[in-house]
4 protein chains.
Amino acid sequence: MENKKAMSVKIPVGILGATGAVGQKFIKLLEDHPWFEITEVAASERTSGKLYGDAASWKQVTPIPAAIHNLEVKPCTPELKCRVVFSGLDANVAGPIEEDFARAGYIVLSNSKNHRLDEDVPLVIPEVNPDHLGLIPVQRQNRQSKGYIVTNSNCTTMFLAMALGPIHKAFKVEKVFMVSMQAVSGAGYPGVASLDILGNVIPYIGGEEEKVEIETRKILGTFNGKTIDLAEFPVSAQCNRVAVEDGHTESVSIKLAKKTTAAEIASLLENYIGVPQKLRLPSAPEKPYLVMEAQDRPQPRFDVNRHKGMATCVGRIRPCSIFDFKLTLMGHNTVRGAAGASILNAELLKAQGLLE
Amino acid sequence: MENKKAMSVKIPVGILGATGAVGQKFIKLLEDHPWFEITEVAASERTSGKLYGDAASWKQVTPIPAAIHNLEVKPCTPELKCRVVFSGLDANVAGPIEEDFARAGYIVLSNSKNHRLDEDVPLVIPEVNPDHLGLIPVQRQNRQSKGYIVTNSNCTTMFLAMALGPIHKAFKVEKVFMVSMQAVSGAGYPGVASLDILGNVIPYIGGEEEKVEIETRKILGTFNGKTIDLAEFPVSAQCNRVAVEDGHTESVSIKLAKKTTAAEIASLLENYIGVPQKLRLPSAPEKPYLVMEAQDRPQPRFDVNRHKGMATCVGRIRPCSIFDFKLTLMGHNTVRGAAGASILNAELLKAQGLLE
Amino acid sequence: MENKKAMSVKIPVGILGATGAVGQKFIKLLEDHPWFEITEVAASERTSGKLYGDAASWKQVTPIPAAIHNLEVKPCTPELKCRVVFSGLDANVAGPIEEDFARAGYIVLSNSKNHRLDEDVPLVIPEVNPDHLGLIPVQRQNRQSKGYIVTNSNCTTMFLAMALGPIHKAFKVEKVFMVSMQAVSGAGYPGVASLDILGNVIPYIGGEEEKVEIETRKILGTFNGKTIDLAEFPVSAQCNRVAVEDGHTESVSIKLAKKTTAAEIASLLENYIGVPQKLRLPSAPEKPYLVMEAQDRPQPRFDVNRHKGMATCVGRIRPCSIFDFKLTLMGHNTVRGAAGASILNAELLKAQGLLE
Amino acid sequence: MENKKAMSVKIPVGILGATGAVGQKFIKLLEDHPWFEITEVAASERTSGKLYGDAASWKQVTPIPAAIHNLEVKPCTPELKCRVVFSGLDANVAGPIEEDFARAGYIVLSNSKNHRLDEDVPLVIPEVNPDHLGLIPVQRQNRQSKGYIVTNSNCTTMFLAMALGPIHKAFKVEKVFMVSMQAVSGAGYPGVASLDILGNVIPYIGGEEEKVEIETRKILGTFNGKTIDLAEFPVSAQCNRVAVEDGHTESVSIKLAKKTTAAEIASLLENYIGVPQKLRLPSAPEKPYLVMEAQDRPQPRFDVNRHKGMATCVGRIRPCSIFDFKLTLMGHNTVRGAAGASILNAELLKAQGLLE
């Protein structure tokens, strides 16, 4: 009874695209969440009407939470009994569905690419640009709706934009090169064929480089009261797929306007406390950046789950013979880089009274 | 009898470090070589006196050549019955041993790093800087010896320097970023522990970045009659290890002095015929560059053995938002990037009468 | 001209399911075949009418043969200009299509499971049961057709049945346990998802265990003039998928009626010369069994391509504490275990005048 | 102060071979253990005197526990300030060192093979043969020492013997075939070279098959008051290494004296409650057997950490065409199969008053 009462206080939420790879991660990460409780799971027509446990080809290392197993899968139409929805929908359907939900008054936390670059949609990393939530009233007014859409970045963008956040503020970033080595889980399921990746590197991920180059600049851009002025520095990205299950690694070179040292950058990141840390948001990592001293770290296999998979691991900060510094970034692409990012955004909205 | 006579015409050669990973590759690649015949295999004290078949932990996909199986392993001292030696020695011993051999009149084709940067030692890629062999008389005079040392580059440098060769000549390279994803075979045997690389990326390879940054500039430098003037452009390298058996992949960005197009660069490389091709050297690939059109190529698993593993595969030539062009390089790190490179150098020396 | 004439003598053949994984392997293995020349490629409706180079998602490590690149893909109907067809069709369509072709007078070399167990269809390994081709006249009469179907075994069955062949003849097999560790290429393309196999073992392959248990007994059975009496010994199979690209490994235990020794079995296999070897069939391995002495061999990565991928590698023959002997088998699942097996069957047919 | 007092109640323990792979796992698993507290870490001469954090090449996915980081590494001599030691020593040194400790009065929980088969040393799995601890007084008397040695099984034996335990008791096992597919972590660090296992299966693990065949029979044997009568059934084992980080998979066939069904076996295991479960030992899994219904489970990647890595996962129980049943076993080889097993043994000793 005690327990029931506690649960009834939680905010009911729905998952769009609940049977897919990102949807499953939402379900796993929201198990035992102190603020949110999944009451609705929605997916494509093909599975709607089935029980979730029968509909999903579950690929997590823990079992389907008991409370979710027997939920009926609903269609992705704005008739779910909740006000907040997390979207892990495929990009080929996410666009209009998310709009429908927002128009109908839902608050949509989207992990899809479709609306990230919309002028009135916030693309938010709570540690970096929480002020971009200022776009919400703009969006509501533009679209004449009570609901709204908030997005998180592409998984590869995440670790780059997160690392650049404090650096840009302190030293002004002027140019950025980034080459990624991305995990197969980023491609969903079944995603990458084993014959394509065993003993191999695939030097191409469709659309990924473009996303990194533009999203990074929006996230590090400036909210001018009506829209976001993109950060002015160019980003040049090259994206590769490697035989790693979880964890994107990024080799980065940056040029800065102000002089600094590798030690100063390390210290800046190591001691950085962002809004989620100050607000003690439930999914926030204790520290947003895990700065590693060993010269051969971070490594996905050993570090991907550090700080609940919500930190950006940073290593090998060292001088660059062309720009100023080279460094290696690594983070959990389906946690901090996807579902965990949406959930942290929702927690920030809640803490700021924006879920009401 | 006929056969014996034919064989007696071949140039006898020795392998230093014959039991190691590079030594084994020399033995494999020299099987049935039209010009060279291995008559001596030398390795560390520990194995000398044994038969090669007993001494080597053979890790090639074809068996030990019959003619080599029963050769007695000799110590690495300049008493081998041959004039030409290929060195696959570990860097921690290669330095003085190679010098000893050269001083004693041997011609040393070295795959080791130790003498690559010596002022009077050629660091040669036959398609790119065959004229650097002009250092040989300088070296002989400097060191008062009839023998000499010729080196080939580090395996990661190889594909970068090879690709930059024609591009630099045509359009003058000004700056180069390179991030590598390197195969485990580059670390020898046992080399990388499986627990370190399964499902992982290691963002550090000791000394590798420094080698790429300086060797590239020596190879693309200018022979001034006495020494090499380094190419002036800076190279910024970041080196990673990935779970690939053979084949280094490199994501590269280049800035050029002259305007050009991706199509022009592709055409330049595709149609490039170098000295080894003109001389029809036995180990030369038909074409030094394999330019691939598919947007997701080259890939190590599918392309590493194209053109006998002696070509540099080039793909994804496209504009860069900071420099001028981005491209992906890939090649066989233990063939073109190691033993095959030494052999091609020896073939060039022979064709130019420098083995006499 | 000389060349053209030579080619015109070759037997024109067609490939059914030409764009799939097995179809591609047929095309690769038949490049430069001395007796057969591919003149027709056929595949599903979806691709028919396209050029082969455009229709196939080519996944071999050598390029599409020039002669095949521009062939038009035909539908899988018996209107191909050739008399011999190799079938790499999916099991869900192969059954009736192969029957249609045979009825229309074609000779069908099938790699599909559908007709392997038909009473009047030979399931042949040329080294083991070439006499089963005696079913061909039976089949022709039964089905009143001039064409006929000859099948080769499932890829896992192949290495077991091949190894058991001479052993059964010499020592009479009484019981067989087999546990397989199968390569991902056995599942076609895209086949096994990378998220399912990286760092994993999948202890289940649908239908595989049943195939191994029955096909082995048919292959080692006795042709009684009208049909095949199955070999009487039971086979117990357990099949697993592992993160290997090519090469199935099998841990086997066998009980024999007659006493023998591990050395005798090794010698028996090592010295075995089958019909394909006697007839010097073009695709026959020099020796059908590669018996390996090193206690840790065979291994797929190092041995899968020995003897052109057409041998069965045998190692670790040693006493078993329950049955008589334990041993390890390994072979190339898409060469000897699939396309290469069909081709060898066709060569046997040709050598015996059965393609006329 | 409160905390200190709580800690002072814990039993101080030492780790022998603390820097190695098993030693590290002991340290990780004992972090926050309710009963034991590591106060001593001992390793080879080479590292003794160093701080643990400097001496160990730490390969766990969580950092070195703060309390351990600054412990001084001691030599492996019986002068440690604790009475209980866990041994993760290499087999080539474990024998006499463990004896020295026992002679000096220490209680040695050994993960090494050296004393497992000693007549008076218990080889214990708490769910299966807790009564074998009756050997302790025998051992003490034999060896005239207050200390004693208790061992846990080889990692591959563990899952087989655990699964057979209840089955043997209920249905009497008569014969067992087992083929393993073992993770690389079982070979320690650096252990298996990446060049040996990427895309490969190694069909040999030195001494492993012999261990499985005899240890299983000792564990399932009968304590006769003075020694163990081996179980009478023969075990035939074949051991393979595969490219899996953690988790040994085993394909098993069993012959039983009594008739039963797959469903009965599943039910027997699923409902089995052993001594550790009854005693609620801290490291005991809630259920010792995780019986999985999906026909393609268990799988190491998805199931290895179920029930804290302490359960034996069982799947695919089905009829065998030669014996009675085939099934697939899987478990965490360095947790339940090594360090976790020793710890559970120590907990059982404590619960039974044998640590006093």
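In chain A, strand S7 (residues 173–182) and strand S11 (residues 248–256) run antiparallel and are joined by 8 bridges. Helices (H or I, at least four residues) and strands (E, at least two) are DSSP runs, numbered from the N terminus, and two strands pair if DSSP finds at least two bridges between them. To find this pairing for yourself, look for A:Ser180, which stands opposite A:Glu250 in S11(A). S7(A) also has strand S10 (residues 235–241) of chain A as a partner, with 7 bridges, and here the two run parallel. A:Met181 stands opposite A:Asn240 in S10(A).

Before we go on, a word about what you are looking at. This is a predicted model, in which local features need pLDDT of at least 70, side-chain atom pairs count only at pLDDT 80 or more, and totals for chains, interfaces and linings use all residues. Residues are numbered from 1 along each chain as its sequence is written, while chains are lettered from A and ligands numbered from 1 in the order in which they are written.

Is S7(A) largely enclosed or largely open? Of its 10 residues, 8 are buried, so S7(A) is largely enclosed by the rest of the structure. A residue is called buried if 20 or more other C-beta atoms lie within 10 Å of its own, exposed if 12 or fewer, and partly exposed in between, with C-beta atoms placed from the backbone.

Now let us turn to a helix. Helix H5 of chain A covers residues 91–103, and its 13 residues reach 19 Å from the first C-alpha to the last, close to the 18 Å expected at 1.5 Å a residue. The expected span is 1.5 Å times one less than the number of residues. Which residues of H5(A) are buried? They are A:Ala94, A:Ile97, A:Glu98, A:Phe101 and A:Ala102. What covers the buried residues of H5(A) includes strand S1 (11–16), strand S4 (84–87), strand S5 (107–110), helix H6 (135–143) and strand S6 (148–151) of chain A. After H5(A) comes A:Gly105, with a positive phi near 105°.

You can follow the corresponding helix in chain B. The 13 residues of H5(B), residues 91–103, should span 18 Å at 1.5 Å a residue, and the end C-alpha atoms are 19 Å apart, which agrees. Its buried residues are B:Ala94, B:Ile97, B:Glu98, B:Phe101 and B:Ala102. Among the elements covering them are strand S1 (11–16) and helix H6 (135–143) of chain B. B:Gly105 follows H5(B), and its phi is positive, near 100°.

Next, see how chains A and B fit together. A rotation of 180° with 0.0 Å of shift along its axis superposes chain B on chain A, with an RMSD of 0.0 Å; such copies are superposed by least squares on the C-alpha atoms of residues with pLDDT of at least 70 in both. The same surface serves both copies, as 100% of the contact residues of chain B recur in chain A. Two residues are in contact if their C-beta atoms, placed from the backbone, lie within 7 Å. The contact takes 35 residues from chain B and 35 residues from chain A. On the side of chain B that touches chain A, the largest share, 5 residues, comes from S11(B). By class, this side has 15 nonpolar, 13 polar and 7 charged residues. Here Ala, Val, Leu, Ile, Met, Phe, Trp, Tyr, Cys and Pro count as nonpolar, Asp, Glu, Lys and Arg as charged, and the others, Gly among them, as polar.

Chains C and D come next. Chain C can be laid on chain D by a turn of 180° and a shift of 0.0 Å along the axis, with an RMSD of 0.0 Å. The two copies are thus related as by a two-fold rotation axis. In their contact, 35 residues of chain C meet 35 residues of chain D.

Finally, look inside chain D. Strand S1 (residues 11–16) and strand S2 (residues 36–43) of chain D pair in the parallel sense over 6 bridges, and D:Val13 has D:Ile38 in S2(D) as its bridge partner. How does the chain get from S1(D) to S2(D)? The chain crosses through helix H2 (residues 21–30) of chain D, and this β-α-β crossover is right-handed: with the strands pointing away from the viewer, the path from the first strand over the helix to the second runs clockwise. S2(D) also pairs with strand S3 (residues 73–75) of chain D, in the parallel sense over 3 bridges.
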